[in-house]
Structures are given as C-alpha cells and as structure tokens.
Number of protein chains: 2
Amino acid sequence: MADSSNPQGRIRLALDAGSGDYGAEVTLAAARDAIRSDAHLFLYVVDLPAALAGASDGLTPAQAARLECVAAESVLDSDVGPATAIRQGARSSLGGALELVADGRADACISAGSTTALIALGMKRLGMLPGLKRPALMSAVPSRNGYTSMLDLGANLNVDAVQLVQFAIMGAVARQHEGEADPSVGLLNVGHEDGKGHAIVREAHERLKQLPLNYRGFIEGNELFTGRVDVAVCDGFSGNLVLKSSEGLARMLLEDLRGSLDSSWRTRLGAWMSGPTLRRTLARFDPAHHNGAPLLGLNGVVVKSHGSADRRAMLQAIREAGNEAVMRVPGKIGKLIHNYKAEAPS
Amino acid sequence: MADSSNPQGRIRLALDAGSGDYGAEVTLAAARDAIRSDAHLFLYVVDLPAALAGASDGLTPAQAARLECVAAESVLDSDVGPATAIRQGARSSLGGALELVADGRADACISAGSTTALIALGMKRLGMLPGLKRPALMSAVPSRNGYTSMLDLGANLNVDAVQLVQFAIMGAVARQHEGEADPSVGLLNVGHEDGKGHAIVREAHERLKQLPLNYRGFIEGNELFTGRVDVAVCDGFSGNLVLKSSEGLARMLLEDLRGSLDSSWRTRLGAWMSGPTLRRTLARFDPAHHNGAPLLGLNGVVVKSHGSADRRAMLQAIREAGNEAVMRVPGKIGKLIHNYKAEAPS
C-alpha cells in the first residue's frame, strides 16, 4: 500500500507499463532510467503481475524504494473502442494508473495506449473540468523563435465550434503557465479572410473574437512554424495529420543528413560541420527527444505517449509528465476558464 | 482572333494574368520567361487591357508572335464566393482563360486566383467528367524514393465517402499516366486499424476495398514521406493544412541552413558542403521550384498556382500546365473512370 502523503519536492507519477507497442520490457527499462536520473521521482508502474517481475532489477535499494509495482488484471488492446474501454478498463493497467491520480496518490499518469481508451477512462475516472466538453491533446512544434503549442492532435476527430473555442482557452492557459504573459492564439484554416473555411471554423472564429483572448484570427498551415502565434487550434483529425506529417518530413530530412555520412568525403565533412543548427531543429520532431502530449481538460494530469515509443522516447514522456505535474495546468485551467466566459457545455 | 488550329508539337496555354497577389507585372514577366524558354509554347495572357499594355516588351518579334493578349473586363477578388464568381466571372480574367480551354483554343489554363472561383467557374464552363462529383487539387510531396501524389488540397473542405473514393481513382489514373503500372493508394487517417477515424473515412475505406484499385488501406501522416503509397487521399481541409505545414517546415529548415551561412566559419563551410542532398529535398517544397497543382475531375486541364507566387514560381506553374496539357490526364480519367465502377454522383 502506497503512502498517500507527498513529501515536499517529490514527484509521484503512475506509468501504464502495459501500454505501447513494445510492452513492459521497454516501459520498465524507461521507468528505471527515470528513477536513476531523477532522485525526486517516485514512480508507480502498473501492469500484469507477471510482466512486473524483475521491475527493479539493477536498481539500488534506495532507487528500488522509489519504484512501486501495482498489479493490473488486463492490458487494453491498442484498437479498443470507448465502450469496451469503459466496460473492461477499470482493472486494466491504464485504469490502474488513472486510479492512482484520482486517489491523489500520483500527481500525473503516463500511457502509450489507445487515445480512445485514455479519453473514455480518463473522463470516467477523473472527470472533466467544469465547463469543458471533451479533453484535447496538445503538443509543441518548433517555430522560428521558440515553439507553437498545437491542439487538438487526435482526441476529437469531429469537433463543433464551442470545442474549438475551448481548445483555444486551454491552450492559452497552458502557455500562460509556461510563462507567456498574454499568449496569442490562431485558428488553423485554409485562408486568412473571414469567409474562408467550413462552417465550424467560421463560427469558432466569430466566437473567439468575442472573448478576452489575444486572438489573432485564422492562420494557415505554414504559420505553425513562423512563430506568428503561441497557440494554434484545430480539430483532432487535421491536427493529427499535420503533426505526424511534420514528424515524417523531419525524419526523412534527418535521415538524408545522416545518410550523407556514408557518401563522399565532401558531403560527409559537410554534414558533420553543418550539424548543430539543423539537427537541433530536427531533433524536436524525433520521439526519442520529444515525446508526451498532455491531455488537457481532465481534472488531473494525464500524458499520452506515442504508441511506438522506444525506451528513450518513453523516458521523455515520463519526464514530460513530471513537468506537467509540477505545473499543475488542470488546476489552473479550472480556475481561469470562467475568466474567458466560455460557453457552457451543451 | 486566335488561330484555333494547333500545329503539331505546339502547346497552347491560357494564363489568368490578373490573378495572384502580385498582379500582371509578375505574371507577365513569368509569361515572357516561359515564351523565351520554350519555343513550342503559345501563350494567351488574359487581363484588363490596361494591364496588358507592354506585355510583349523585350521579346523578339518571333517570340511576341507566340504571346497573345486577350482582354478581360474584370479581375475577381481573391476572397470571392462561388455565387459571385459565377455571377461576375464570365468576363473576368479567370473566365476568359477558362473560355479559351472550353473553346479548344488552349490546351490548359493557369490561375493563381481563388480556388473557390476556379472551381465554380471551371465546373460551369468546362463541366465535370461523367460520374465525378467535384474537382480535387492534387500535388506531389517528396518521399524517400520519389514522390507521393496527394489530393485533395483544398478544393473540398467537406467531403463524403464517395468523393474520397473518387479522389483515389483520379489520383491513381494520374499516376498511371505518369508511368506507374499499378499505383498504390492510401487513405489518410489517424491510425491503421479498420475501426480508426471518423465515419466518413471508415465508409470510404470499406468502399475502396471493393474496387479494382491497388488500395493499401489507411495510412498515417508520416507515411506521406516514406513512399509507402503512390497516392494519398484526404479531405481538402486536412490536405491543405498538411501541405502548407510541410511547406512551412521545409522553409524554416532551409532558412536555418541559409542562416548558417552568416554565422561562424565552421558552420558556413559545413552548410556549403552538406548542401546538395538536403537542399534538393527542401527545394521541392519551395514554390519557386515547385508550383502548380492540377485541378482534376474537370473536362479540361486547369492548373492552380499559389496565390503568393512570384515570377519564378509562376513560371513553374506555367511549365506544370504545359506538362499537364501534354499528358491530357482529364481525357484519361474520363475513359478509365468506368473501369473502377465508381459510384455515380448523388
């Protein structure tokens, strides 16, 4: 039984160790890496008992004392639907990780499992913050002078105008918490003019103009990277395609760069020399350097990892959850949402 | 009055010279560049008479004989709606360029004007190919071993499943015409499994499985760049965001690379040396190197340029229209569409 008190400075996370394409071997290796590299971290790992055998292998006794195994009865499939997730999820590794957050024993949880299951079980177990309809996945894309926070990235494939407005508010609050005094917000569309786009973005545009937000209007896809706004809002279907295509393009270019190491002397030397600037930018799209998207709107901190996360990527997601736990964004959203006079859920 | 006969080997194009952000000064300069660089090209330039004054300046008499000015009475605004385009468009520079294609005097036309107006007037003046509902914009994105043809890129912000299927067929036919014996097709979605995505992509997926197409199922955004399929299909809203964000990312990285020329000796030398591989890839996202998207499904060849095309980019769009005119894809789509037993328009 875990201690539900939280000694000062200790970050307590719950990892759905059964999730992800590579299973417990990879997630537990990442968990041990996290424990070793952060002395303030206390980590629950939730999985089937058999998978958890040897979870602490290789840790010192002091480190092992900060890794606690929590038994689950199942691991949800990666293609599970919401109804099945609700029906079968309570005693799953995901359900157990969310439970630890709901109980207050963990400050945040991490899962590389299905977004559908994460949302269904997250809404059931943690609930939504008052006034918000559905959670949204947010992530950062590199821009010329920093980064653009983009949401939604796949939690909501069909959205209405009120949801887009709520994404804008959640994104702005999150960026305030990251130090932007007055975060600027743009709504992704196929053009800048008022009449552009389909009915839902046009309605959201009109609603956003009425709010006390630093709303800059419609932006186009290329402006994700120019730094024109701090927060870029779109539906989860488009957002998912945009993020994954950008990752794919960056990966192809990085492989180009690496591939040149095997070619002529001239190119080889060049790739080595020009590396720093370009590689730093490209690395921001590499899951091994950048992984873990907060699922905003829930009454608790939940971080989604890439399903295909390897050990390094999973370690990044655990660290991201630690950052989110420290920032306590959901509490801040809950307090500030009313300032924006957002629509109540329908 | 133009000669409506077409001497063998001559390509006759009609340029909406009034379109685009920079107007006739830029479009006519590009037109002269095109005339100078291709002795087989005959080019109609359509604009207000005042804008066309001096169109042939600097051309030799033989070159000037291949550039014919056609007077229009108006130039449509870039944010014009479909109803206004239909009402006011017949005597516009765009309407005039389409008219030349409809009359058989030009083999293809080019416009940097509003996609909305291009579709509305294109459908009215040229008509759709039998069995197809709406045109789609297609373009090529670079992939590891070649390119992926992607459609729609903004002609259809809301689509139904039948339209997605028709995009797949049009894309496959276009790629056959470019030399692929059996082009592979993927449907962009947020995951690979059958149950993923919203109702429209799921329905299109089931319909595509029934067709005699080399259909590879759902693909994710990153697979645009891996070369997994020859043709990637999606709605025009997502497609536009994906294409423009990829262009924006490529531009940012290219500027990174160029920016390093102004920094230290080591990085400067490195950027110069590693240039060839990476620059070639990035250039494919640069409108100055790659511009002009065919609007497929119309009964005639129509090429859309970026609105913000400069002189070099506009020249690329004219050249792309020349290629499309030679390939005569619409005729091919018209002949092959029935082989695929596509749904009739509703």
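Analyst: Searching the whole structure over all chains turns up two aromatic pairs. This is a predicted model, where local features need pLDDT of at least 70, side-chain atom pairs count only at pLDDT 80 or more, and totals for chains, interfaces and linings use all residues. Residues are numbered from 1 along each chain as its sequence is written, chains are lettered from A and ligands numbered from 1 in written order, and side-chain values use heavy atoms, without hydrogens and water.

User: How is an aromatic pair described, and which residues form the one in chain A?

Analyst: A pair of aromatic rings is described by the distance of the centres and the angle of the planes. Rings of Phe, Tyr and Trp (its six-membered ring) pair if their centres lie within 6.5 Å; planes under 30 degrees apart are stacked, over 60 edge-to-face, the rest tilted. A:Phe42 and A:Tyr44 are edge-to-face, with centres 5.1 Å apart and 70° between the planes. In chain B, B:Phe42 and B:Tyr44 form an edge-to-face pair, at 5.1 Å and 70°.

User: Why does B:Phe42 count as buried?

Analyst: Buried means under 20% relative accessible area, exposed over 50%, partly exposed in between (1.4 Å probe, protein chains only). B:Phe42 counts as buried because its relative accessibility is 10%. B:Tyr44 is at 0%, so B:Tyr44 counts as buried too.

User: Where does the charged end of B:Arg175 sit?

Analyst: A charge sits over a ring if NZ of Lys or CZ of Arg is within 6 Å of the ring centre and within 35 degrees of the ring normal. The charged end of B:Arg175 is over the ring of B:Tyr147, 3.9 Å from its centre. In chain A, A:Arg175 lies over the face of A:Tyr147, 3.9 Å from the ring centre.

User: Which peptide bond in chain A is cis?

Analyst: Most peptide bonds are trans. The bond from A:Leu151 to A:Asp152 is cis, with omega near 5°. A:Asp152 is in the loop between strand 6 (146-151) and helix 7 (161-177) of chain A. Helices (H or I, at least four residues) and strands (E, at least two) are DSSP runs, numbered from the N terminus.

User: How many residues of helix 5 of chain B are buried?

Analyst: Eight of the 10 residues in helix 5 (residues 93-102) are buried. Among them are B:Leu94, B:Leu98 and B:Val101. The cover includes strand 1 (11-16) and helix 6 (115-125) of chain B, judged by contact, meaning heavy atoms within 4.5 Å. B:Gly104 follows helix 5 of chain B, with a positive phi near 85°.
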